[in-house]
Amino acid sequence: MIPVIGLAIGIVAGLVLKPTVPTDLQPYLPIAIVAALDAVIGALRALGERRFNDRVFVVSFISNVVIAAFMVYLGDQLGVGSQLSTGVVVVLGIRIFANAAAIRRRIFHA
Amino acid sequence: MAEQEAPTRAEGLLEQIADTALDDDYYVVRAGDYAQSREFNTPLTAFVLAVFALLVVMAAVQTRNDRPATERERSTLISDVAARKKAQANREATAERLRKEVADLSASVDRFDPAYQNVRIETGDIAASGQGITVVASPSNKGNLDGSITDDDLQILVNGLWYAGAEAVAINGERIGTTTGIHFANGAINVNFKDIAPPYSVVALGPSDTLLQRFEDNPAGHYWAARQKNAAVQFGVTPSSDLSVPAVPKKRMTIRHATAIKGEE
């Protein structure tokens, strides 16, 4: 129940406070969100397999976001920002789909 | 897991990513405080989810806020294009209207200013028609030396017609204008620098009933009566209610040196 409340608080805070992303960080926000989504889907799968650990969730969430943003930053500095972003999105996308497939198998047995 | 880690096994990078989609840490059973923390319902999880939701909402709001700006720019450009097209159409319509106005005005000047029209008729700028007389003069057919018609004869005839009240005169289709000369050159009489040959047909527009009478009563008429009598030149007059004379050739109407005096117009 508490996590759902947390989710709701996040949404409401975003809608009410309307925090703006600093212009310098704007390019990294989409990638950070994809990385965070990967961590969240992984957590859901772990929850289903009864392996969930909140500490692992926190660490994987933060590290995913930071590393993904850092890779895009590095790519920008090297002049291959868009290519590296594509690479990060592909890898994270595969992980998200694989985890989603595992959740689906567990729920629907198919 | 042990199989996957076998060094002999060649595996695609993407397959490996798919196989290890779940962080390995979830499989590790830890010792210590968190060893049994399989609980989902914790403030920490809630906090992370809150941050996640905040990130997503932030990005969504940002994108949504940016969209109207581009949309506004686009609609501004579209309305700008439309406004300029309209302005262009307006100006084209105005130009068309003004062109028509100019055409109308010049047409009305041509057609409806009687004074201007009269001046054009007087100077021979345009062809004219009306009642008048036709004088046909031919040389004597008796072979006498003085029986031919000279430029003097024609000058006297034309002057006599003017004097009798003619308003427009043409000899053999050559209109007598303000700069027209009648003179003898190269064995023929020429009018408007065009050679004409007998019989000389002189068309004079004017009052057909009195023109002939007034011509015969003036010195030019007397001269021609004498010519008929003494040299047997042929002279015939036919009144008519419908005669026409052409315009003076444009070349003879060109003014190069004379200009109107200011205030005398």
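Which residue of β7(B) does Val136(B) stand opposite? Val136(B) faces Ser201(B), and this pair belongs to a predicted model.

## Chain A: overall content

Chain A contains four helices and zero strands. Read from the N terminus, its elements follow the order α-α-α-α. Of the 110 residues in chain A, 34% are buried. Among the contacts in chain A with a separation of 6 or more, 66% are between residues 24 or more positions apart.

## Packing of α2(A) on α3(A)

The axes of α2(A) and α3(A) come within 8 Å, and the crossing angle is roughly 155°. Angles over 145 degrees count as roughly antiparallel, and α2(A) and α3(A) are therefore roughly antiparallel to each other. The crossing of α2(A) and α3(A) is right-handed.

On the α2(A) side, the contact is made by Ile31(A), Ala32(A), Val34(A), Ala35(A), Ala36(A), Asp38(A), Ala39(A), Gly42(A) and Ala43(A). On the α3(A) side, the residues are Phe57(A), Ser60(A), Phe61(A), Asn64(A), Val65(A), Ala68(A), Ala69(A) and Val72(A). By class, the contact of α2(A) with α3(A) has 13 nonpolar, three polar and one charged residues.

## Packing of α3(A) on α4(A)

Helix α3 of chain A covers residues 54-78, and helix α4 of chain A covers residues 81-108. Their axes lie 7 Å apart and the packing angle is about 155°. α3(A) and α4(A) are therefore roughly antiparallel to each other, and their crossing is right-handed.

From α3(A), the contact takes in Ala68(A), Met71(A), Val72(A), Leu74(A), Gly75(A) and Asp76(A). From α4(A), it takes in Gly81(A), Gln83(A), Leu84(A), Ser85(A) and Val88(A). The residues of the contact of α3(A) with α4(A) comprise six nonpolar, four polar and one charged. Ala68(A) and Val72(A) of α3(A) are listed in the contact with α4(A) and also in the contact with α2(A).

## The interface between chains A and B

In the interface, 42 residues of chain A are in contact with 35 residues of chain B. The elements of chain A that give two or more residues to this side are α1 (2-17), α2 (29-48), α3 and α4. The largest share, eleven residues, comes from α1(A). The side of chain A that touches chain B has 27 nonpolar, eight polar and seven charged residues.

## The five-stranded sheet of chain B

In chain B, five strands form an open sheet with the order β3-β2-β7-β1-β8 and antiparallel pairing. Its edge strands are β3 (174-175) and β8 (234-245) of chain B, each of which pairs on one side only. Strand β2 (residues 168-171) of chain B is joined to β3(B) by two bridges, and Ala170(B) stands opposite Arg175(B) in β3(B). β1(B) is joined to β7(B) by six bridges, with Val136(B) opposite Ser201(B). β1(B) also pairs with β8(B), in the antiparallel sense, over ten bridges; there the bridge partner of Ala137(B) is Phe235(B).

Helix α4 (residues 151-164) of chain B touches β1 (128-138), β2 and β7 (200-205) of chain B, and its direction makes about 15° with that of β7(B). Helix α5 (residues 208-217) of chain B touches β1, β7 and β8 of chain B, and its direction makes about 35° with that of β1(B).

## The three-stranded sheet of chain B

Three strands of chain B form another open sheet, in the order β4-β5-β6, and the pairing is antiparallel. β4 (182-185) and β6 (194-196) of chain B are at the edges with a single partner strand each, so one side of each has no neighbour in the sheet. From one strand to the next, the twist averages 45°.

β4(B) and strand β5 (residues 188-191) of chain B pair over four bridges in the antiparallel sense. The bridge partner of Ala185(B) in β5(B) is Ala188(B). α4(B), the helix that packs on the five-stranded sheet, also lies across β4 and β5 of chain B, where it runs at about 175° to β4(B).

Methods: Residues numbered from 1 in each chain as written. Chains lettered and ligands numbered in written order. Predicted model: local features only at pLDDT ≥ 70, side-chain atom pairs only at ≥ 80, totals over all residues. Axes fitted to C-alpha atoms, helices over the stretch in contact; angles between N-to-C directions. Parallel < 35°, antiparallel > 145°, perpendicular 65-115°, else oblique. Left-handed = near helix turned anticlockwise from the far one by under 90°. Contact = placed C-beta atoms within 7 Å. Nonpolar A, V, L, I, M, F, W, Y, C, P; charged D, E, K, R; others polar. Buried ≥ 20, exposed ≤ 12 C-beta atoms within 10 Å, placed from the backbone. Pairing = 2+ DSSP bridges.
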